[in-house]
Amino acid sequence: MESAAGGGLGSMRAVLAILQWWGFNVTVIIINKWIFQKLDFKFPLTVSCVHFICSSIGAYVAIHVLKAKPLIQVEPEDRWKRIFPMSFVFCMNIVLGNVSLRYIPVSFMQTIKSFTPATTVILQWLVWSKHFEWRIWASLVPIVGGILLTSMTELSFNIFGFCAAMIGCLATSTKTILAESLLHGYKFDSINTVYYMAPFATMILALPAMLLEGGGVIDWFYTHDSVFSSLIIILGSGVLAFCLNFSIFYVIHSTTAVTFNVAGNLKVAVAVLVSWLIFRNPISPMNAIGCAITLVGCTFYGYVRHLISQQQAAAPLGSQGTNSPRSRVEMLPLVGDKEDKV
């Protein structure tokens, strides 16, 4: 009886965790698009910088004031040798996401972001000479096919926004791969990740933002009608961006890896639907089919990873150390675990 009640409570907590994660994620995306499109604040570097500053302050408050998570101690030398390179890639990932959002619809941008599993596998294969099971490669086919169909039928296609989103996928994949080596020995959660990386990202981005967008921001201040209310929205997007990281921390500890994977793909569908209801960007039937194929492919990819990881865990310990051709195949790419989503 108690176990049933505990199971029901755990399920309810998982559902609430997923819903609040969806809420923060979709809200941040929609507000950012609103800032670029409706407020005419077309400065993605500045918006990203605001997000990093808010996240730096929020992570400090969460760790030192609210004591929500203990601080993971990092040696000063490691901060520059390990954290700084990761922060640079982290910064590029966020900036490219906002740049793409400036030029292409949310639906298209979110679909392209779903290409990340494929870019991660291909990068590890080409650059790091890793090899994977045929099932991993087969699971990428619907993802690649869906992206191709979506790109070919996108009615609001913009080559600059498309390239920014694709390079953003590569940045996300690079961050995931580098984390395996650069952050080896550190067990970072989402809050500590933001605590260490957001200040570095702010430092990296502040000067380019001032040089490239400073003049435009000043002109916007003088020409925009509702500056005060617009600034509230821009700052609010930064606060929500940090809350999104906090919500990821909560959902990771409340769901299984499979649930997290499925919920992540459904989140993309929710973001696409909500953005269409608000911005009414044109979506052709074939474009919607391409988006659906991509999301189904991502879910299938996560399922295949889960099956392979279960097989590896169930394999006898001695058989994992043999020199058979099968044992030399790196069955699982780095992307796809719950920590990778952070």
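Analyst: Helix H10 (residues 257-279) supplies the largest share of the nonpolar patch, four residues. Helices here are DSSP runs of H or I with at least four residues, strands are E runs of at least two, and both are numbered from the N terminus. The model is predicted, so local features need pLDDT of at least 70 and side-chain atom pairs count only at pLDDT 80 or more, while totals for chains, interfaces and linings use all residues. Residues are numbered from 1 along each chain as its sequence is written, and side-chain values use heavy atoms, with hydrogens and water left out.

The patch covers about 510 Å² and is made by Trp 34, Ile 233, Leu 273, Trp 276, Leu 277 and Ile 278. Patch members must have over 30% relative accessible area and no salt bridge; like charges are joined within 9 Å, and nonpolar side chains (Val, Leu, Ile, Met, Phe, Trp, Tyr) within 5 Å. A salt bridge requires a side-chain nitrogen of Lys or Arg within 4 Å of a carboxyl oxygen of Asp or Glu. Accessible areas come from the Shrake-Rupley method with a 1.4 Å probe, and for residues only the protein chains shown count as cover.

Ile 233 is placed in helix H9 (residues 227-252). Its relative accessibility is 31%, so Ile 233 counts as partly exposed. The classes are buried for under 20% relative accessible area, exposed for over 50%, and partly exposed in between (1.4 Å probe, protein chains only).

Two tryptophans of the patch, Trp 34 and Trp 276, are among its members, and each has a charged side chain over its ring. Arg 280 lies over the face of Trp 276, 4.5 Å from the ring centre. Over the face of Trp 34 lies Lys 38, at 5.9 Å from the ring centre. The criterion is NZ of Lys or CZ of Arg within 6 Å of the ring centre and within 35 degrees of the ring normal.

Next come two residues of helix H1. Trp 21 lies in this helix, and with a relative accessible area of 4% it is buried. Trp 21 and Gly 264 are 243 residues apart along the chain, yet their C-alpha atoms are separated by 9.3 Å. Not counting residues up to four places away in sequence, Trp 21 touches Leu 244, Ser 247, Ile 248, Val 251, Phe 260, Ala 263, Gly 264 and Lys 267; contact means heavy atoms within 4.5 Å. Asn 25 also has its place in helix H1 (residues 2-37). At 12% relative accessibility Asn 25 counts as buried, and leaving aside neighbours within four places in sequence, it is in contact with Leu 244 and Lys 267.

Phe 108 lies in helix H4 (residues 106-113) and Phe 162 in helix H7 (residues 159-182), so the pair ties together parts that are 54 residues apart in sequence. Phe 108 is buried at 0% relative accessibility, and Phe 162 is buried at 18%. The rings of Trp 220 and Phe 221, by contrast, have their centres 5.5 Å apart and their planes at 80 degrees, so that pair is edge-to-face. Trp 220 is buried at 4% relative accessibility, whereas Phe 221 is partly exposed at 36%.

Helix H4 is largely enclosed by the rest of the structure, because seven of its eight residues are buried. The buried residues of H4 are Val 106, Ser 107, Phe 108, Met 109, Gln 110, Thr 111 and Ile 112.

Salt bridges complete the account; a search of the whole structure finds four. Asp 40 forms one with Lys 42, the closest N and O atoms being 3.3 Å apart. Asp 40 is partly exposed at 41% relative accessibility, and Lys 42 is partly exposed at 31%. Lys 81 and Glu 77 meet in another, at 2.6 Å from N to O; both lie in helix H3 (residues 76-103), four residues apart, about one turn of the helix. Lys 81 and Glu 77 are both exposed. The side chains of Glu 133 and Arg 135 also form a salt bridge, at 2.6 Å from N to O, but Glu 133 and Arg 135 are both buried.

Definitions and conventions:
Phe/Tyr/Trp six-rings, centres within 6.5 Å; stacked < 30°, edge-to-face > 60°.
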